[in-house]
Amino acid sequence: MPDAAAAASPAQPLLPVCSTLPARGTLLGFDFGLARIGMATGELETGQANVLTTVHDESSTARFQAIAALIAEWRPVALVVGIPTHLDNSAHALTARCRRFANQLHGRFGLPVFPCDERLSSVAAEAELSGAGMKHWRERKSVLDAVAARLILQTFLDDLRHDRT
């Protein structure tokens with residue numbers, strides 16, 4: 001989880017997240033998928049995350065262009081990437097791909113990238129959207145990944161607030 005520090009390079013020593021982040025600033029959160037990438041924004045000062053958008057491009061070039069535009073607009077101090085694992089903490093089919101994506105973000109944009117446990121984030125996002133009246137899958141599909149990204153980023157912010165107190 002977030003207390004495991006920057007995932008940008010597995011060889012980096014583990015540092016407490018609270019010692020590497022300022023008290024104020026914007027974070028961008030990511031729910032990586034092969035077809036879509038959900039994105040959320042959050043503020044360190046308020047500890048609140050919000051849905052931002054979903055990048056629907058499958059081409060890596062188009063994805064990183066869209067991400068670059070959002071990074072230029074939001075000017076985050078760090079990025080948070082959801083890392084999927086099974087409930088028993090074993091690697092998920094996408095675990096390595098998500099770590100690679102985190103490494104690519106760090107390499108391309110030079111920002112700190114922190115991992116966050118994303119177990120059941122899509123299930124929770126589905127439940128949240130269904131509870132909000134979005135009963136049909138096609139309705140939920142376009143925003144599901146962005147809501148999952150918000151849940152991932154909110155988990156990170158909540159854990160960070162707990163670590164700082």
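Visitor: Is Phe156 buried or exposed?

Guide: Buried means under 20% relative accessible area, exposed over 50%, and partly exposed in between, with a 1.4 Å probe and protein chains only. Phe156 has a relative accessible area of 0%, so it is buried. This is a predicted model, in which local features need pLDDT of at least 70, side-chain atom pairs count only at pLDDT 80 or more, and totals for chains, interfaces and linings use all residues. Residues are numbered from 1 along each chain as its sequence is written, and side-chain values use heavy atoms, leaving out hydrogens and water.

Visitor: What share of the protein chain counts as buried?

Guide: Of its 165 residues, 43% count as buried. The accessible surface, from the Shrake-Rupley method with a 1.4 Å probe and only the protein chains shown counting as cover for residues, comes to about 8400 Å² for the protein chain. Carbon and sulfur atoms hold 54% of that surface.

Visitor: How many aromatic pairs does a search of the whole structure find?

Guide: A pair of aromatic rings is described by the distance of the centres and the angle of the planes. Rings of Phe, Tyr and Trp (its six-membered ring) pair if their centres lie within 6.5 Å; planes under 30 degrees apart count as stacked, over 60 as edge-to-face and the rest as tilted. The search finds 4 pairs. In one of them, the ring centres of Phe64 and Phe101 are 6.0 Å apart and the planes stand at 35°, so this pair is tilted. Because Phe64 belongs to helix H1 and Phe101 to helix H2, the pair ties together parts 37 residues apart in sequence. Phe64 is buried at 6% relative accessible area, and Phe101 is buried at 2%. Phe114 and Phe156 make a tilted pair as well, with 5.7 Å from centre to centre and 35° between the planes. That pair links distant parts of the chain, since Phe114 is in strand E5 and Phe156 is in helix H4 (residues 137–164), 42 residues apart. Phe114 is buried, at 2% relative accessibility.

Visitor: Which residues form one aromatic cluster?

Guide: Phe30, Phe32, Phe64 and Phe101 form it.

Visitor: How many helices and strands are there in the protein chain?

Guide: Helices (H or I, at least four residues) and strands (E, at least two) are DSSP runs, numbered from the N terminus. The protein chain has 4 helices and 5 strands, and along the sequence they follow the pattern β-β-β-α-β-α-β-α-α.

Visitor: In what order do the strands form the sheet?

Guide: Two strands pair if DSSP finds at least two bridges between them. The 5 strands form an open sheet in the order E3-E2-E1-E4-E5, with mixed pairing. Strand E3 (48–55) and E5 each have a single partner strand and stand at the edges, so one side of each has no neighbour in the sheet. From one strand to the next the twist averages 25°, with axes as lines fitted to C-alpha atoms, for helices over the stretch in contact, and angles from 0 to 180 degrees between N-to-C directions. Strand E1 (residues 26–32) pairs with strand E2 (residues 37–43) in the antiparallel sense over 7 bridges, and Leu27 stands opposite Gly42 in E2.

Visitor: Which strands do the helices touch where they pack on the sheet?

Guide: Contact means heavy atoms within 4.5 Å. Helix H1 (residues 60–74) touches E1, E2, E3 and E4, and its direction makes about 160° with that of E1. H2 touches E1, E2, E4 and E5, and its direction makes about 170° with that of E4.

Visitor: How do I read the faces of a strand?

Guide: In a regular strand the side chains alternate between the two faces of the sheet. In E5, Val113, Pro115 and Asp117 lie on one side and Phe114 and Cys116 on the other, and all are buried.

Visitor: What does Gln154 touch?

Guide: Leaving aside residues up to four places away in sequence, Gln154 touches Gly47, Gln48, Ala49 and Arg161. Gln154 sits in helix H4 and is buried, at 13% relative accessible area.

Visitor: Where is Arg75 found?

Guide: Arg75 is in the loop between H1 and E4. Its phi is near 50°, a positive value in a residue other than glycine. With 67% relative accessibility, Arg75 counts as exposed.
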